[in-house]
Amino acid sequence: MAAGPGGGREAPEREQARLRGLAEAGLTARSDPDMDRFARMVARLLDVPVALVSLLEPERQVFPGMVGLGDPWASRRETPLTHSLCQYVVASREPLVLADVRADDLTRDSLAIPDMGVVAYAGMPLTDARGTVLGSLCAIDSVVREWTGREVQDLSDLAEACSAELRLRIANRQGEEARAAADEARRAAEQVLAGAELQLRAAEELTGTVSLLDVRRKVRELVSGLLKPSYVGLVLLDEGELRRVPDPDTAHAVEALFERYGPQDAFPTARALRERRTVTVPDRAHLVERYSAEAVAAYDSLGLQSAVCVPLPAVRGPLGVLVTGWAEPHRTDLTEYAALSAVAGYTAQAVERAVFLDERIDVAHQLQQAMLTTLPEVDGLDMAAVYLPAVSGEMVGGDWYDAIPLNVPPQALASLSEPLSSAASGPGPDAAALAVAAGGTLAITVGDITGHDIHAAAIMGQVRSMLRQAALDHPGQGPAAVVAALERAVAHLPLEAGGTLVHAHLRRQGPSWHVSWTNAGHPPPLLLHADGRVEELTVHDALFHHALTPPDRADQHVRLDPGSTLLLYTDGLVEQRRASIDDGIARAAAALLAHRGLPLPELLSRLTREVSGPHNSDDIVLMALRPAAQAAPPTAGTRAG
């Protein structure tokens, strides 16, 4: 005999009724597909590690539905009553919801605590048609957990659906006389479960949408799976008008012919918006009688005879309307109404988020594009650069490139050093002397500010301008001195800026170009030599950050000979989730060599397609430089950039 709520015994007549119900249901310590399905639903909907359909037999509890339980209990699908919290639900015939079973007088001594790791427990009664409690549908957590009202309600709803399944099985065992009622119970149970699944899917799938077209597609897929309509549409309130969001996958004439209309027009959707309630069109006669000729034409173009129009709720009034239509007369029942209302609620949240993101991302991308440099024309040097935003759309970053000419004071020409050898790389002659060229120096930068939001884009613009000013204010000095000046300015303002960059100065040396550069924690530039060797310019210092003490930065030096190409890039080109950054750099080097003969713009296009692929998850900046073929050397006093 099972224990009572205070440690006593369950009444004999109730125990007999329960055992009879269990026998009629035909469930015991074996896996049952439908019961396992309810357990999975509980685990997913309440986000718990363990969920059970637990039924109470005389000396044990059995689990025909189970997810997440460890051995030996998982393989046995049973425990003795010493490990049962279900017995208290059965005895009391009431839900048992505990944040910490160790702190409750009724349950603190249960062996489920030390042996099974049970800490938080929520159990709902499972009943037969006579109201006899057969067991419980329970959610279990291994940490203290305060169950929310919504979680308790969701568990209660699923328990009712599970109870309906149990009752159905019992009814089928009781003979032909109850079969009609059993069939109706099955339909009701399936509808409840389908509605719960739809709500779960809507919460999961619409949360990840980032654009209106994505919302439109997801809503159509969700509703079509449950209600099998002929058409699912989305109409939004836009600057005082109703606007149809086009289906991104299928062209519908109505979405072009009746793209916009007024909230006061005689359309079912407009009425649903005005009256802030669900409006149904059960058949075409109803549509013709109550709505305009334009509305009838719109429905006829879709081949619809019936529809349900549900407002998209928001604090300041409906955002629009969700439209579900059928090609035949359709009477919507309460379960379908509830499902559509739930989907409309999640759709409204997704629409608000998508509109907000679209506005922010559009502003941020405009800001980024406005701050990108138009590359100067430099005699004897070909240049190309490209900026690609993340394909996902919601990512806005601080990647940038820059190229500006720097004039060198005439007095600095006197300190010109001897030219570097073609193999020169690493620390070289005096930085001031190396900055001198007959006509000036070209300063280039590729950088990446930490972050993927509009704030990062704004910081990027400030850092770019400050670095330009530092370069202009330190004539004749090398890149390391310029970056150090930037860091001093960032620390002084203060400006919460951090990231990586490569800053380089280029000076003409006959047909070649001398490159002095410093790397602040950035991916290494790639130098394709004329002989086909690809060199990684790996020497670098620490990244720059407003909270870090600036390191002692050093200039590095290399020569860019005719036939060679210098590539600078940001990490979006070479970083992928399932590969190391070294693998990405190796792919970039191989692609650079394979397409060495292409013009620079086409070369950069090939690099982005082959290295990062068509679905880059981060912003990408590339800049390539190559001595121009057969270019005449500049005369003294001619600006090189």
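Select Glu294 to begin: this residue is partly exposed, with a relative accessible area of 43%, where partly exposed lies between buried, under 20% relative accessible area, and exposed, over 50% (1.4 Å probe, protein chains only). Glu294 lies in helix α12 (residues 293-302); helices (H or I, at least four residues) and strands (E, at least two) are DSSP runs, numbered from the N terminus. Leaving aside neighbours within four places in sequence, Glu294 is in contact with Phe258 and Phe267, contact meaning heavy atoms within 4.5 Å. Display also Asp265, 29 residues from Glu294 along the chain, and the two C-alpha atoms are found to be separated by 9.3 Å.

The model is a predicted one, in which local features need pLDDT of at least 70 and side-chain atom pairs count only at pLDDT 80 or more, while totals for chains, interfaces and linings use all residues. Residues are numbered from 1 along each chain as its sequence is written, and side-chain values use heavy atoms, with hydrogens and water left out.

Next, select the open sheet of six strands in the order β9-β8-β7-β12-β11-β10, where the pairing is antiparallel; two strands pair if DSSP finds at least two bridges between them. At its edges stand β9 (260-261) and β10 (279-281), each with a single partner strand, so that one side of each is left without a neighbour in the sheet. From β10, step to strand β11 (residues 306-311), with which β10 pairs over three bridges in the antiparallel sense, and there Val281 has Ala307 of β11 as its bridge partner. Helix α10 (residues 268-275) packs on this sheet and touches β7 (231-238), β8 (241-244), β9, β10, β11 and β12 (320-326), its direction making about 140° with that of β12; such angles run from 0 to 180 degrees between N-to-C directions, and axes are lines fitted to C-alpha atoms, for helices over the stretch in contact.

Apart from neighbours within four places in sequence, Asp32 is in contact with Leu27, Pro64 and Arg169.

From here, select helix α2 (residues 33-46) together with helix α6 (residues 149-173), which pack at an angle of about 175° with their axes 10 Å apart. The two helices are therefore roughly antiparallel to each other, the word being used for angles over 145 degrees. On the α2 side the contact is made by Asp34, Met35, Phe38, Met41, Val42, Leu45 and Leu46, and the α6 residues that take part include Leu155, Leu158 and Arg169. By class, this contact has 11 nonpolar, no polar and five charged residues, with Ala, Val, Leu, Ile, Met, Phe, Trp, Tyr, Cys and Pro counted as nonpolar, Asp, Glu, Lys and Arg as charged, and the others, Gly among them, as polar.

Which strands does each helix lie across? Helix α2 lies across β1, β2 and β6 (133-141), running at about 70° to β2, whereas α6 lies across β1, β4, β5 (120-127) and β6, running at about 35° to β5. These strands belong to an open sheet of six with the order β3-β2-β1-β6-β5-β4 and antiparallel pairing, in which β3 (78-80) and β4 (96-98) are the edge strands and the twist averages 25° from one strand to the next. Colour β5 next: eight of its eight residues are buried, so this strand is largely enclosed by the rest of the structure. Three bridges join β4 to β5, with Val97 opposite Ala122, and eight bridges pair β5 with β6, with Met124 opposite Leu137. The hairpin of β5 and β6 has five residues between the strands, and Gly131 in the turn has a positive phi of about 85°.

The last stop is strand β24 (residues 620-627), where eight of the eight residues are buried, so that the strand is largely enclosed by the rest of the structure. Ile620, Leu622, Ala624 and Arg626 point one way from β24, and Val621, Met623, Leu625 and Pro627 the other way. Strand β13 (residues 381-388) is joined to β24 by eight bridges in an antiparallel arrangement, with Tyr387 opposite Val621, and strand β23 (residues 565-569), also antiparallel to β24, is joined to it by four bridges, with Leu566 opposite Leu625.

Terms used: Parallel < 35°, antiparallel > 145°, perpendicular 65-115°, else oblique.
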